[in-house]
Amino acid sequence: MKHTLAVLVENKPGVLTRVAGLFSRRGFNIESLAVGVTENPDTSRITIVVSGDDRVLEQVMKQLNKLIDVIRVSDLPAGESVNRELALIKVGVDSSTRAEVMQIVDVFRAKIVDVGIKSLVVEATGDESKINAMEQLLRQFGIKEMVRTGKVAMNRGAKAVQVEKR
Amino acid sequence: MLDKDPVFKYGDWRIMAKTKMSGAKAVIESLYKENVEVIFGYPGGQVLPLYDALYDADIRHILVRHEQAAAHAADGYARATGKAGVCLATSGPGATNLVTGIATAYMDSIPVIAITGQVPRPLIGNDAFQEANITGITLPITKHNYLVQESGDIPRIFKEAFYIAQTGRPGPVLIDIPKDTQTEIIEFEYPEEIKLRGYKPTYVGNEQQIKKAASLILKAEKPIFYVGGGVIFSNATEELRAIAETIMASVTTTLMGMGAFPSAHPLSVGMLGMHGTRYANYAIQESDLIIAVGVRFDDRVTGKISAFAPNAKIIHIDIDPAEIGKNVRVDVPIVGDAKNVLKTLLKYVKPEHAKTETWNKKITAWKKEYPLSYKKDKLLRPQFVVEQISEVCPDAIIVTEVGQNQMWAAQFFNYKNPRTFISSGGLGTMGYGFPAAMGAKVGKPESTVIDIAGDGSFQMNSQELATVVQNDIPVIVAILNNGFLGMVRQWQELFFSRRYSETCLEGSVDFVKLAEAYGALGLRATKKSEVKDVIEEAVKSGCPTIIDFVVEREENVSPMVPAGAAINEILDLE
Ligand SMILES: Cc1ncc(C[n+]2csc(CCOP(=O)(O)OP(=O)(O)O)c2C)c(N)n1
Ligand SMILES: [Mg+2]
């Protein structure tokens, strides 16, 4: 079972090492990880996807909370949150396939951000399954390079993950 | 740089707001603010400015002979006094030598402040001479650590470090200080307040949960307290005793909890687990309610976890939420300080509710039937030595090494008070006892401090004889000299058909001569009749003393739960 955690941390050097180190030391598995600063420049937010049952999830959250630089840990349930990943995919094309690739990109509401004679760079955002599906379709044309970010996620509605509990 | 430093006296009342001083002096001034009276340390290139500031500071510095001993001594000081212990080492090898001591303190939740020098900031990351990434190395074995990036942060970092080390679930904190930050001039202002958004330990237990616990207690017919180091750290021994006597429930302690409840109390069933008493293990296995306080359900305690206390509901009181539910399922979790929670719990239980009479009779019968024992013959057996120490020095602080000596010290000394049993429980660090005893004696000079040692363990830090002699720290080392790495030999005897692979230490050293070479007192006992006399002589001498007790070589620690068995599957090895 996969869980998505939003972890608010101090925006200081070394904090990511502490978080990542905790996962390896305790034998927890990170599926993906994304970090960035929040609306408050003193605070960063790490989105971590971790696999495990409820007991593992509970331990992960408790152990994260023990880190002095971790301010808050929230579980974002799949149905109640918006999840996004971004991918850049370089697809090999020639005059005969370019149009078809562009059509697929259109269907997925992705963007072409670079055009070359023999390749296109596609920028796609969406949840994991959408990006997987698109990757599948583009594969037949030859994917030369692909890079994906970790997932970022946010609660739907007014509920927010903030430093102070409401 | 240093000559620009204004002259002032340490601890001067005038040093209040914003006095200019070097980073090194700011360290000393911060230590004053934290009421540090002693540091265990060892100098080197990257702490020269710090040592220069120490030169005329009003803080006692004890020069150890190996940095590992500095960390253990700070740890022993902390365990004996309840205050944070401080150790200091240079960068690189000095810092890495602290690592075993820091890990030992971490596993047992001991407040230790480790200060290390670091190469100057411009050199960090360049593999400079004596550079080691000690904050990286100690990441998993510290509660928190700091690399000083700006000299002006020194006061804040020290304030936070002492706070973090000593509050919540205590633990070691390391502060790595680059040499150039030690010489820079800063404006010293010790912060009044601490701003740590991510650190707010919970001291007060949830009242609803405590009520739930009370209702379980009132219904229980076979309750038992299972208590550990947390009770000692939160000074909750009186509350524990009051509540145990109110509901008339027996108390078993972990190794770390020895001293939390008087060993001779009628409700005490002693230690549980691998080398616990039969009756403690039986009582746990048959109980219908375990009230666990300041413990972590360690594998040496629970044995085969799936077979642990099959009929019991569990109330778990601990200050660290992550310990609750980590190893066993818990019926009533209570996060909070043990003292606080027990005090509140006491309000909801009354003696007239106790339904434990039948249960207590059963436990008493077990106690009679399966006492801790050993062969009482003419031979000098290690258990006898511990019993004699208990008799001659009933109020001593007992520190142990690791191995059989540690188990016998736990089993056969009659503990009355908290902070009188000091031992490396979690990490099981051989070589811990002697330097920790040194630290305990420095913190509690009026107490008799005895390291119950093994011949193997003692040799891991015996160089500290020089330290105790030079600094006049009269600890007693009682070596239970069996000429073996006894605990390992015991496992080889039981599980490897007596193939004693590399566990024989015969002919290592003459411990009496070793003591004398360092200027300490060396005594020896080879017969039962000599034991009491040498202990008395050691106490009377008032100087650092080694007593070489030449004991039976193949004595075993008994009883014993084999690894992986349920704790009631316990064997007698006499
Ligand atoms: C630093 C370290 N190395 C190895 C061990 C493994 N070990 C545990 S007990 C023991 C034997 C201890 O021998 P000794 O100090 O003579 O004590 P005894 O068991 O004989 O009383 C060993 C080697 C350890 N606990 N710590
Ligand atoms: Mg031995």
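Which residues are linked with A:Lys66 in a network of salt bridges? The network joins A:Lys66, B:Arg169, B:Asp320, B:Glu323 and B:Lys326. The structure is a predicted model. A search over all chains finds 43 salt bridges in the whole structure, and chain B holds donors that coordinate a magnesium ion (ligand 2).

**Interface of chain B and chain A**

- The contact involves 21 residues of chain B and 22 residues of chain A.
- About 1700 Å² is buried between chain B and chain A, and carbon and sulfur atoms give 46% of this area.
- Across this interface, 2 salt bridges are found. On the side of chain B that touches chain A, the residues comprise 10 nonpolar, 6 polar and 5 charged.
- A:Lys66 and B:Asp320 form a salt bridge, with their closest N and O atoms 2.6 Å apart. Both residues also belong to the network that includes B:Arg169, B:Glu323 and B:Lys326.
- Polar contact across the interface of chain B and chain A amounts to 10 residue pairs, with both residues at pLDDT 80 or more.

**Magnesium site in chain B**

- The magnesium ion (ligand 2) is coordinated at 2.1 to 2.2 Å by B:Asp455 through OD, B:Asn482 through OD1 and B:Phe484 through O.
- Along the chain, the donors of this ion follow the spacing D-x26-N-x1-F. B:Asp455 lies in helix H19 (residues 455–458) of chain B, whereas B:Phe484 lies in the loop between strand E18 (476–481) and helix H21 (486–495), so the pair ties together parts that are 29 residues apart in sequence.
- B:Asp455 has a relative accessible area of 2% and therefore counts as buried, the cut-off being under 20%.
- B:Phe484, with a relative accessible area of 7%, is likewise buried.

**Architecture of chain A**

- Chain A contains 4 helices and 9 strands, and from the N terminus on its elements run β-α-β-β-α-β-β-α-β-β-α-β-β.
- The C-alpha trace of chain A spans about 55 × 35 × 30 Å along its principal axes.
- Of the 166 residues in chain A, 43% are buried.
- Among contacts in chain A with a separation of 6 or more, 74% are between residues 24 or more positions apart.

- A:Ser81 is found in strand E5 (residues 81–92) of chain A and is buried, with a relative accessible area of 2%.
- The side chain of A:Ser81 reaches the backbone oxygen of A:Pro77 at 2.9 Å.
- Leaving aside residues up to four places away in sequence, A:Ser81 touches A:Leu76, A:Met154, A:Asn155 and A:Arg156.

**Salt bridges within the chains**

- In chain A, A:Arg18 forms a salt bridge with A:Asp69, the closest N and O atoms being 3.5 Å apart. This pair links distant parts of the chain, 51 residues apart: A:Arg18 lies in helix H1 (residues 15–25), and A:Asp69 lies in the loop between helix H2 (54–66) and strand E4 (70–75).
- A:Arg18 and A:Asp69 are both buried.
- In chain B, B:Arg381 and B:Glu555 form a salt bridge, with the closest N and O atoms 2.4 Å apart. B:Arg381 lies in the loop between helix H15 (357–369) and helix H16 (382–392), and B:Glu555 in the segment after strand E20 (545–550), so the pair ties together parts that are 174 residues apart in sequence.
- B:Arg381 and B:Glu555 are both buried.
- The side chains of B:Asp298 and B:Arg296 also meet in a salt bridge (3.6 Å, N to O). B:Asp298 counts as partly exposed at 21% relative accessibility, and B:Arg296 counts as partly exposed at 23%.

Methods. Residues numbered from 1 in each chain as written. Chains lettered and ligands numbered in written order. Predicted model: local features only at pLDDT ≥ 70, side-chain atom pairs only at ≥ 80, totals over all residues. Heavy atoms only, no water. Donors = N, O, S within 2.8 Å, 3.2 Å for Na, K, Ca; no water. Helix = DSSP H or I, 4+ residues; strand = E, 2+ residues; numbered from the N terminus. Buried < 20%, exposed > 50% of the residue type's maximum accessible area, 1.4 Å probe, protein only. Contact = heavy atoms within 4.5 Å. Buried area = accessible area lost by both parts, 1.4 Å probe. Salt bridge = Lys/Arg side-chain N within 4 Å of Asp/Glu carboxyl O. Polar contact = N/O pair within 3.5 Å; in protein donor to acceptor, adjacent residues only side chain to side chain. Nonpolar A, V, L, I, M, F, W, Y, C, P; charged D, E, K, R; others polar.
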